[in-house]
Amino acid sequence: MNELFGEHGAFVWISLAAVAIGIAVELWTLRRATR
Amino acid sequence: MTTPHPLWRYASPAHFLPLTGRLLPLLWLLAALGIGAGLTLGLFIAPTDAQQGETYRILYLHVPAAWIAMVCYGAMAFWALWGLAWKTRLAFVLMRALAPTGTLFAVLTLITGSLWGRPMWGTWWVWDARLTSALLLALLYVGFIALTTAVDTPDDPRRGDQAGALLALVGALNLPVLYFSVTWWNTLHQGASINLRGSSIAPQMLAGLLLSTLGFWAYAGAAVLTRARLLLQARVESEARWPRAIGSLA
Amino acid sequence: MGAALQAAAAITRREWSGTLRQPAEWLTPLAFVVGVALMFPLGLGPEPARLRELAPGLLWIAALLASLLSLPRLFAADLADGSLEQWWLSPLPRPLAVALKLAVHWALSGLPLVLLAPLLALAFGVEDPLPLALSLLLGTPALALLGGLGAALVLHARAGAGLLALLLLPLQVPVLVFGTAAANGGANADSALLLLGAWLAVLLALAPWATAAALSLMLD
């Protein structure tokens, strides 16, 4: 898993995580406002 | 008496809400498919880059984010101008709806850019023209949100609308000069510069980039329209409160 | 025409005496710049060569920050005592009224900096402070014009200098970039000064008009 994106693969994973978290937060705020 | 152009009816909530209601499921689907397919292609199927190894794959996130951040601001300025000129409520609603999404993608541009630069060039940040401009774009968004929330009065968003619209417009008009000055400043001090791809692009890379870009575009559109619907409904409700509060017959 | 000139003279006189009567208004930016200039060696170390190299840029930044200090109150007093609406009724075109007010504001808060900063530069070991003075001579009016626009936008908000700093920074970047390049002298200073002058001319033409439009919207 660690070697999936080469020796610096962690950076790719963190980027993915950042995007996923950002989108999740936005969707959550939109959902909260709908209620 | 000339009849207004038929498209104008979409400025009314009675038409805007059903239209976006039908559009949104499609956009969410496109987002999921585009991002899913694009990232699968880009992250797992596209070949390793000759010069940059595996970490170049961050580009599949960074490039769409940068585009969306920039275009959202342009769209904000567009709706700002529209709202100031024609004073429709929907224009200002769309302008405000764009800001949080734009901010998110501006910040993601900075984060992914920094994470990409670190393994490539050894530093977390470089004060080159492009990255410095990206940081300024993020500040433009934050400033817009700060101003509109500071000027807003409860139940009456009009002042916040107008102040925000002016700020967005002035900021947009200032952008060419801003970018020129930052570029000029950078050449002055012979700063480093992070260059995007120089070598050839494999077809899977291009396909992955296109698909993920489309997917993120669809997501941004869906998020903005969802927020716009919420804002519009809130405004309609608060406007309806006045007659009821005064005890009108309506 | 006569009525407009009278109105112009009235506005100018009022701004001038009003500001002079409040020493805090025009002394504060000067004291602020001196204070910030004092912080630089304290924070960066007293090594003369480095201070001499950094001084023009640092003093420019200090001047930029000082220009933000009086902005929140710029139009607030006029709004409170109703004189802002008076302008709107006067025969003087609104952008001109705005320009006059900003001119007086600059003469009392920006121009003194143009004279003070070179003295501070000498204290930092800068041999020729003239480029710094020239760049501030063109730069502080530009900052004042932008500041007026910012102050108009936050007319009804309880905004501090912090919010104004945030809003104005992207607008001030060109002024800062061209100004510091001109202040540092050297090969690029001349073109930087020209660019700064050109941008000031653009701002002179557009900013009062935009500020008047903003004030009109905010006064509705």
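## Close-up views of a predicted three-chain model

**Figure 1. The contact between chain B and chain A.** The contact takes 20 residues from chain B and 17 residues from chain A, where two residues are in contact if their C-beta atoms, placed from the backbone, lie within 7 Å. The elements that give two or more residues to the side of chain B that touches chain A are helix 3 (89-121) and helix 6 (203-246) of chain B. Helices (H or I, at least four residues) and strands (E, at least two) are DSSP runs, numbered from the N terminus. Helix 3 of chain B provides the largest share of this side, 9 residues. By class, the side of chain B that touches chain A has 11 nonpolar, 5 polar and 4 charged residues. Ala, Val, Leu, Ile, Met, Phe, Trp, Tyr, Cys and Pro count as nonpolar, Asp, Glu, Lys and Arg as charged, and the others, Gly among them, as polar.

The structure is a predicted model, in which local features need pLDDT of at least 70 and side-chain atom pairs count only at pLDDT 80 or more, while totals for chains, interfaces and linings use all residues. Residues are numbered from 1 along each chain as its sequence is written, and chains are lettered from A and ligands numbered from 1 in the order in which they are written.

**Figure 2. Chain A.** The secondary structure of chain A comprises 1 helix and 0 strands. Its C-alpha trace spans about 45 × 15 × 5 Å along the principal axes. Of the 35 residues of chain A, 20% count as buried; a residue is buried if 20 or more other C-beta atoms lie within 10 Å of its own, exposed if 12 or fewer, and partly exposed in between. No contact joins chain A and chain C, and the closest C-alpha atoms of these two chains lie 23 Å apart.

**Figure 3. The fold of chain B.** Chain B has 6 helices and 0 strands, and its C-alpha atoms fill a box of roughly 75 × 40 × 35 Å, taken along the principal axes. Buried residues make up 43% of the 250 residues in chain B. Among contacts in chain B between residues at least 6 apart in sequence, 80% join residues at least 24 apart. Chain B averages a pLDDT of 88, and 92% of the residues score at least 70; pLDDT is the predictor's confidence in each residue, from 0 to 100.

**Figure 4. The contact between chain B and chain C.** Among the 2 pairs of chains that touch, chains B and C have the most contacts. This contact takes 24 residues from chain B and 23 residues from chain C. Helix 4 (129-151) and helix 5 (158-188) of chain B are the elements that give two or more residues to the side of chain B that touches chain C. The largest share of that side, 15 residues, comes from helix 5 of chain B. The residues of the side divide into 18 nonpolar, 5 polar and 1 charged.

**Figure 5. Two kinked helices.** Helix 5 of chain B has 31 residues and reaches 43 Å from its first C-alpha to its last, close to the 45 Å expected at 1.5 Å a residue. The expected span of a helix is 1.5 Å times one less than its number of residues. A kink of about 45° lies at Leu175(B) in this helix, shortly before the proline Pro176(B). The bend at a residue is the angle between axes fitted to the seven residues ending there and the seven starting there. In helix 10 (residues 189-219) of chain C, a kink of about 35° is centred on Leu203(C). Leu217(C) also has its place in helix 10 of chain C; Leu217(C) counts as partly exposed because it has 19 C-beta neighbours inside 10 Å.

**Figure 6. The nonpolar core around Met76(B).** The largest nonpolar core has 153 residues, and those with the most contacts inside it include Met76(B), Met95(B) and Leu196(C). A nonpolar core is a set of buried Ala, Val, Leu, Ile, Met, Phe, Trp, Tyr and Cys residues joined through C-beta atoms within 7 Å. Leaving aside its neighbours within four places in sequence, Met76(B) is in contact with Met95(B), Leu98(B), Ala99(B), Gly102(B) and Ala168(B).
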